[in-house]
Amino acid sequence: MIAPARSVTTGWIVASAAGLGLLALSVVPPILGGSAGHIVHEAFGFVCHQIPERSLHLGGGPVALCHRCLGILMGLVAGLAGALALSPRRLRRITRSAQGRWLVLAGIPTTVDWALGALGIWANTPLSRMLTGALFGVVVGVVLAANLLAPPRFSSSPTPSLDAK
């Protein structure tokens, strides 16, 4: 069920637009071709290894991100958008310490997929790299959205945390 309508914050709009813009830019280099495509592709080289055989190909050339990085970026955009379905109250219940735990937990499948491949135990595939990256990205997107859409309320009196023992 979709939560009641709420006002989105400027921060959420900026983060979502940036995520969508980066996602669009990451896939256009083979379509643009020439020097424009090369410049965009090179710009993404600062965050991704861009190994061609580990990248999606469109129009005969690799996109600017590998499968895993593309999955992370797609997941981030999906997590930001999906967080709109959660109520502000529910988003506020995602405490800072819980956010850290969720991010670590979401990174485990990606780490295991990479480590098993690096050790020669498992041959990771484009699908496994993209899906484990997307899982991590969704969690990052929801955590980011929780902080942008429903920041914790601060008061002068201490309130009990969900993490209180």
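Helices α1 and α7 cross in a right-handed manner (a crossing is right-handed if the near helix is turned clockwise from the far one by less than a right angle, and left-handed if anticlockwise). The model behind this picture is predicted, so local features need pLDDT of at least 70 and side-chain atom pairs count only at pLDDT 80 or more, while totals for chains, interfaces and linings use all residues. Residues are numbered from 1 along each chain as its sequence is written, and side-chain values use heavy atoms, with hydrogens and water left out.

On the α1 side, Gly11, Trp12 and Ala15 meet Leu144, Ala145, Leu148 and Leu149 of α7, where meeting or touching is a contact, with heavy atoms within 4.5 Å.

Now for the overall layout. The chain holds seven helices and two strands, and along the sequence they follow the pattern α-α-α-β-β-α-α-α-α. Helices here are DSSP runs of H or I with at least four residues, strands are runs of E with at least two, and both are numbered from the N terminus. Of the 165 residues in the chain, 33% are buried, meaning under 20% relative accessible area, with exposed being over 50% and partly exposed in between (1.4 Å probe, protein chains only). Among contacts with a separation of 6 or more, 70% link residues 24 or more positions apart.

Helix α1 also packs against α4, at an angle of about 150° and with the axes 10 Å apart. This pair, too, is therefore roughly antiparallel, but here α1 passes α4 in a left-handed crossing. The residues that α1 brings to this meeting include Trp12, Gly19, Leu23 and Ser26, and those from α4 include Leu70, Leu73 and Val77.

Beyond its neighbours within four places in sequence, serine 26 is in contact with Phe44, Val63, Ala64, Leu65, Leu70 and Leu73. Leucine 70, in turn, touches Leu23, Ser26, Val27, Leu56, Val63, Leu65 and Met130, again leaving out residues up to four places away.

The largest nonpolar core has 22 residues, and Leu65, Leu70, Leu80, Leu91, Ala145 and Leu149 touch the most other members. Such a core is a set of buried Ala, Val, Leu, Ile, Met, Phe, Trp, Tyr and Cys residues joined through side-chain atoms within 4.5 Å. Two or more residues each come from α1, α3 (34–44), β2 (61–66), α4 (67–82) and α7 (126–149), and α4 gives the largest share, five residues.

As for the strands, β1 (residues 55–58) runs antiparallel to β2, and three bridges join them; pairing requires that DSSP finds at least two bridges between two strands. Leucine 58 has glycine 61 in β2 as its bridge partner. Two residues sit between the strands of this hairpin, where glycine 59 takes a positive phi near 55°.

Finally, histidine 38 lies in α3 and counts as partly exposed because its relative accessibility is 49%.

Methods. Axes are lines fitted to C-alpha atoms, for helices over the stretch in contact, and angles run from 0 to 180 degrees between N-to-C directions. Angles under 35 degrees count as roughly parallel, over 145 as roughly antiparallel, 65 to 115 as roughly perpendicular and the rest as oblique.
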